[in-house]
Amino acid sequence: MNDIGKIGFPQNFLWGSASAAYQVEGAWNEDGKGPSIWDTYTKNPGTTFQDTNGDVAVDHYHRYQEDVALMAEMGLKAYRFSIAWSRIYPEGRGEVNEKGLQFYDDLINELIKYDIEPIITIYHWDVPQALMESYGAWESREIIHDFDEYCVTLYKRYGDRVKYWITLNEQNVFIQLGYYAGLHPPGVKDSKRMYEANHIANLANAKSIQSFRRFVPDGKIGPSFAYSPIYPFDSHPENILAFENAEELNNHWWLDVYCWGRYPTTIWQYLEKNGLSPTIEDGDFDLLTYGRPDFIGVNYYRTGTVEMNPLSGGIGKGSMNTTGKKGTTEEYGIPGLFKSKKNPYLEATNWDWEIDSTGLRIGLRRLASRYHLPILITENGLGEFDKLEEDYQINDDYRIDYIRSHIKACEQAIQDGVQLIGYCTWSFTDVLSWLNGYQKRYGFVYVDRDDHSEKSLRRIKKKSFYWYKKVIESGGENL
């Protein structure tokens, strides 16, 4: 559909930005905080780029007031941040750490002081190490109760002031990279264990939403999904079938459960045939029906393109580019279902992520048509090598171009009928990029540190900071 007239962004649109506790806070063992799996995992040599970790990160724990003041200067309407589970429950359960609760009280109050809407992500990958050691974390149904207790603690403490909540961030990423690819903790490479852990995470998500209805009845809640809409490589029927397979497995497998409480039929049949389907107990699907969210959180960075992958001789796991050396990502696939292909019509970043703003519009339309729910873009941004020049300028025009095109896609999606609540960039300041270290920068605010040293940790506004400030001031008119 071509643009007809101009609708623009709603007056109450949440122009925001985002972060995650492990990637920004630091203070990994201060004020009673217990270790998370990432605190432990990153101490194992070779697990991350140049063995970087979040022990200090960008020191947001001690500098949150400075960071929030910068958000206010930019004019942010919303800030999405995650809470470190082991800062609240150092052992994952049991005794509550009051100092941890107070830190987020202070952060929330600081945001509200500047009329910035706080959006809480309850879980952004950092399960307490104690739960991993006690029962295997997401591989045990015990975590459903412990996660719910953690959630209820947060609802009771912050529900009077926080009205937008994210349950699990990118379940499809932390489950697949943790239990299939072996690149995230716990470093497992076992498809059966992956699908078992994923089902348990689905149950925990549904239980937490069920509890939310009791404790924050006037709030809105939903999971945040790493969404990559799929394209067929061409119109060959076998490649169309591969596209259907990939869309079902990579997207519908998670989103159908979130929104409808059931798994897609075709993929369930495939898993059963191959002995990979998760264990279902009495009451599981009843619980999953309580998980219907108020909105779909979307983390969008790229699309994917696929073609048919032969069952005999087809390719399997590939490799990720974690160095920023362009062109080092390998194709991957599942024999008999699909394999990835480089899209010849798209440019890519130095980390081989395709740049496709039209794909965002396509994806938003697909989600709106399938699930009939509002959408909150919880992450979108560009990770690149930013250069600090001699006059303390960072001319990141490439980031401006990227975000501009994606905001335009959002506006077009609204014109298409998508109910879009807000748009949060990733990220506000530079952050630790999990496996990619500190060299892969996403922020509007440059943080003076690198992979080897914390340096001054000085905050320096990039060119994109001033540009996004004007976008917000104009309600999306001035791009």
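Mentor: Axes here are lines fitted to C-alpha atoms, for helices over the stretch in contact, and angles run from 0 to 180 degrees between N-to-C directions. Keep in mind that this is a predicted model.

Trainee: At roughly what angle do the axes of helix H3 and helix H15 cross?

Mentor: H3 covers residues 60-74 and H15 covers residues 463-473. Their axes come within 8 Å. The crossing angle is roughly 55 degrees.

Trainee: How are H3 and H15 oriented to each other?

Mentor: Angles under 35 degrees count as roughly parallel, and 65 to 115 as roughly perpendicular. The crossing is at roughly 55 degrees. H3 and H15 are therefore oblique.

Trainee: Which residues of H15 meet H3?

Mentor: From H3 come Leu-70, Glu-73 and Met-74. By class, the contact of H3 with H15 has five nonpolar, no polar and two charged residues. On the H15 side are Phe-465, Tyr-468, Lys-469 and Ile-472.

Trainee: Are H8 and H9 roughly parallel or roughly antiparallel to each other?

Mentor: The axes of H8 (residues 171-179) and H9 (residues 191-215) come within 9 Å. They cross at roughly 150 degrees. Angles over 145 count as roughly antiparallel. H8 and H9 are therefore roughly antiparallel.

Trainee: Is the crossing of H8 and H9 left-handed or right-handed, and what is its contact by class?

Mentor: The crossing is right-handed. H8 brings Gln-171, Ile-175, Gln-176 and Tyr-179; the residues of H9 include Met-194, Ala-197 and Asn-198. By class, the contact of H8 with H9 has five nonpolar, five polar and no charged residues.

Trainee: What span does helix H5 reach from its first C-alpha to its last?

Mentor: H5 runs over residues 98-113, with 16 residues. At 1.5 Å a residue, 22 Å is expected. H5 is close to that, at 22 Å.

Trainee: What do the buried residues of H5 pack against?

Mentor: The buried residues include Leu-101, Phe-103, Asp-105 and Glu-110. Their partners are helix H1, H3, strand S2, helix H4, strand S3 and helix H7.

Trainee: Which residue just after H5 takes a positive phi?

Mentor: Look just past the end of H5. The phi there is about 60 degrees. The residue is Asp-115.

Trainee: Is Asn-53 buried or exposed?

Mentor: Asn-53 is in the loop between helix H2 and H3. Leaving aside neighbours within four places in sequence, Asn-53 is in contact with Tyr-22, Thr-42, Lys-43, Leu-432 and Tyr-438. The cut-off for buried is under 20% relative accessible area. At 19%, Asn-53 is buried.

Note on methods: Residues are numbered from 1 along each chain as its sequence is written. This is a predicted model: local features need pLDDT of at least 70, side-chain atom pairs count only at pLDDT 80 or more; totals for chains, interfaces and linings use all residues. Side-chain values use heavy atoms; hydrogens and water are left out. Helices (H or I, at least four residues) and strands (E, at least two) are DSSP runs, numbered from the N terminus. Contact means heavy atoms within 4.5 Å. Ala, Val, Leu, Ile, Met, Phe, Trp, Tyr, Cys and Pro count as nonpolar, Asp, Glu, Lys and Arg as charged, and the others, Gly among them, as polar. A crossing is left-handed if the near helix is turned anticlockwise from the far one by less than a right angle, and right-handed if clockwise. The expected span of a helix is 1.5 Å times one less than its number of residues. Buried means under 20% relative accessible area, exposed over 50%, partly exposed in between (1.4 Å probe, protein chains only).
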